[in-house]
Amino acid sequence: MFTFHDAIHPAEPEPGRHVVLGTPLDLPAGEGREVIFLAAGCFWGVEKVFWETEGVLATAVGYMGGTTPHPTYEQVCTGATGHAETVRVVYDTSRTDAAHIISVFFEIHDPTQGDRQGNDVGSQYRSAIWTTTPGQLTTALATRDAYAAAIAARGFGPVTTEIAPAEEAGPFWQAEDYHQGYLWKHPDGYQCHTRTGIACPVLPHTPA
């Protein structure tokens with residue numbers, strides 16, 4: 001059952017619609033839909049991966065896990081607000097589940113790097129999963145442990161991914177409009193995917 005009050009805070013007067021998917025950027029959870037928040041480095045490339053992922057209905061980029069209300073991109077980039085560049089993902093539970101979404105998340109970045117992804121350095125690039133259902137939380141923790149074991153066997157260090165219920169991370173502040181769907185608007189734009197190259201297991205589905 002959906003329990004987190006997912007109040008999205010748009011930077012613009014209206015949240016808008018996704019430039020690729022056509023759905024509202026603030027598409028709510030509901031019957032057959034779940035929301036999860038994922039931070040895996042620069043949010044431009046992370047969002048593109050998820051709008052291309054089977055079963056995803058909407059994505060929006062923003063800032064989460066910090067303390068400053070209504071942060072701007074420039075403020076977040078200083079590291080002083082404590083926010084991570086985050087993608088809000090809404091998915092259709094009849095077409096995919098948290099286990100598949102979280103598996104994709106771990107495969108598209110290196111979750112052992114702490115406050116960085118490759119050349120992108122700072123707390124805004126840290127790895128995090130903020131969940132909105134008990135099933136998501138259970139799946140995220142179990143997947144993290146399974147992936148940590150898989151990559152440790154290949155010489156990687158400990159997984160640093162922060163995992164917690166979304167209410168502990170605070171509000172999701174939607175980023176400025178020019179960041180939404182950035183790599184559709186700028187097909188040759190910057191992408192940072194510092195991957196381990198190791199497949200992440202997809203665990204059995206855990207009911208919400």
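Which residues in α4 are buried? In this predicted model, local features need pLDDT of at least 70 and side-chain atom pairs count only at pLDDT 80 or more, while totals for chains, interfaces and linings use all residues. Residues are numbered from 1 along each chain as its sequence is written, and side-chain values use heavy atoms, with hydrogens and water left out.

**View 1. The buried side of helix α4.** The buried residues (under 20% relative accessible area, 1.4 Å probe, protein chains only) of α4 are G135, Q136, T139, A140, T143, Y147 and I151. They cover an arc of only 120° around the axis (taken from the directions from the helix axis to the C-beta atoms), which puts them on the same side of α4. Their cover, counted by contact (heavy atoms within 4.5 Å), includes β2, β4, α3, β7 and β8. Helices (H or I, at least four residues) and strands (E, at least two) are DSSP runs, numbered from the N terminus.

**View 2. The largest nonpolar core.** This core, a set of buried Ala, Val, Leu, Ile, Met, Phe, Trp, Tyr and Cys residues joined through side-chain atoms within 4.5 Å, has 37 residues, and I36 and F106 are among those with the most contacts inside it. Helix α1 gives the most to this core, with six residues.

**View 3. Strand β3 and its partners.** Nine of the nine residues of β3 are buried. Strands pair if DSSP finds at least two bridges between them; eight bridges join β3 to β4, and the two run antiparallel, with T59 opposite V89. Two bridges join β3 to β9, also antiparallel, where Y63 has W173 as its bridge partner.

Conventions. Buried means under 20% relative accessible area, exposed over 50%, partly exposed in between (1.4 Å probe, protein chains only).
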